[in-house]
Amino acid sequence: MNLLGKKADTFAHGVREHVRLGPKISETVKGKLSLGARILQVGGLEKIFKQLFSFSEGEKLLKACQCYLSTSAGPIAGLLFISSEKVAFCSERSIKVPCANGEYLRVHYKVVVPLEKIKGVNQSENMKKLSQKYMEIVTVDGFDIWFMGFLNYHKAFKCLQQTISQRLDDVDTF
């Protein structure tokens, strides 16, 4: 029973941290409800992944989790997908991008990194608030991509770490 209580407490803490990163709690909850409805409408996370990103034969979606992508303009809420071939992120909401004609185009913010381009993944935490955990993906060409506000940080980190490790083992065997 103690383990169940600890798991529930960890999950509740993850939800609190995730919601806290949003601009307003009401907006964050509205976004989560909208995302949930979209997932149901499309037929699940795997179908959403296949719609949003190119999907190769034999590729498997291993994990999908809600989190925030850290940008210079602030955190962007979305879904992080970990597959057997890539790590991909897509924002929950579309963002406005200026066009050459002066108008704005609404697009989803997407990041895609093939596993062979990932040098490693690191974990970090806020030293003043140990509950705030961050995940950094470092690419072979020197880019770093930061994610935060996971509902279940440890599961997401473990899955990503195992996927990258497995990919490196597969490359070494050839």
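Is tyrosine 153 buried or exposed, and what is its relative accessible area? In this predicted model, in which local features need pLDDT of at least 70, side-chain atom pairs count only at pLDDT 80 or more, and totals for chains, interfaces and linings use all residues, tyrosine 153 is buried, with a relative accessible area of 7%. Buried denotes under 20% relative accessible area, exposed over 50%, and partly exposed the range in between (1.4 Å probe, protein chains only). Residues are numbered from 1 along each chain as its sequence is written, and side-chain values use heavy atoms, with hydrogens and water left out.

Helices (H or I, at least four residues) and strands (E, at least two) are DSSP runs numbered from the N terminus; two strands pair if DSSP finds at least two bridges between them. An open sheet is formed by 7 strands in the order β4-β3-β2-β1-β7-β6-β5, with antiparallel pairing. Because β4 (104-114) and β5 (118-125) stand at the edges with a single partner strand each, one side of each has no neighbour in the sheet. Neighbouring strands are turned by 30° against each other on average, direction ignored; axes are lines fitted to C-alpha atoms, for helices over the stretch in contact, and angles run from 0 to 180 degrees between N-to-C directions.

Strands β1 (residues 61-69) and β7 (residues 144-148) run antiparallel and are joined by 2 bridges. Here leucine 69 stands opposite phenylalanine 147 in β7. Helix α3 (residues 45-52) packs on the sheet and touches β1, β2 (76-83), β3 (86-98) and β4; its direction makes about 95° with that of β2. Between the antiparallel strands β2 and β3 there are 5 bridges, and the hairpin joining them passes through 2 residues. Leucine 80 has phenylalanine 89 in β3 as its bridge partner. The antiparallel pairing of β3 with β4 extends over 10 bridges, with alanine 88 partnered by valine 112 in β4. These two strands form a hairpin with 5 residues between them, and glycine 102 in the turn has a positive phi of about 95°.

A nonpolar core is a set of buried Ala, Val, Leu, Ile, Met, Phe, Trp, Tyr and Cys residues joined through side-chain atoms within 4.5 Å. The largest such core has 24 residues, and those with the most contacts inside it are Leu80, Phe89, Met135, Ile137, Phe147, Phe150 and Leu160. At least two residues of this core come from each of β1, β2, β3, β4, β5, β6 (133-139), β7 and α4 (153-172); α4 gives the most, with 6 residues. Beyond its neighbours within four places in sequence, phenylalanine 147 has contacts (heavy atoms within 4.5 Å) that include Cys67, Leu69, Leu80, Phe89, Met135 and Ile137. A second, separate core of 9 residues includes Ile48, Phe49, Leu52 and Leu79.

Rings of Phe, Tyr and Trp (its six-membered ring) pair if their centres lie within 6.5 Å; planes under 30 degrees apart count as stacked, over 60 as edge-to-face and the rest as tilted. The structure holds 7 aromatic pairs. Phenylalanine 49 and phenylalanine 53 form a tilted pair, 5.7 Å centre to centre with 45° between the planes, and both are buried. Tyrosine 153 and phenylalanine 157 form a stacked pair, 6.1 Å centre to centre with 10° between the planes. Both lie in helix α4, 4 residues apart, about one turn of the helix; phenylalanine 157 is buried, with a relative accessible area of 6%. Ring pairs also link Phe49, Phe53, Phe55 and Phe81 into a cluster.
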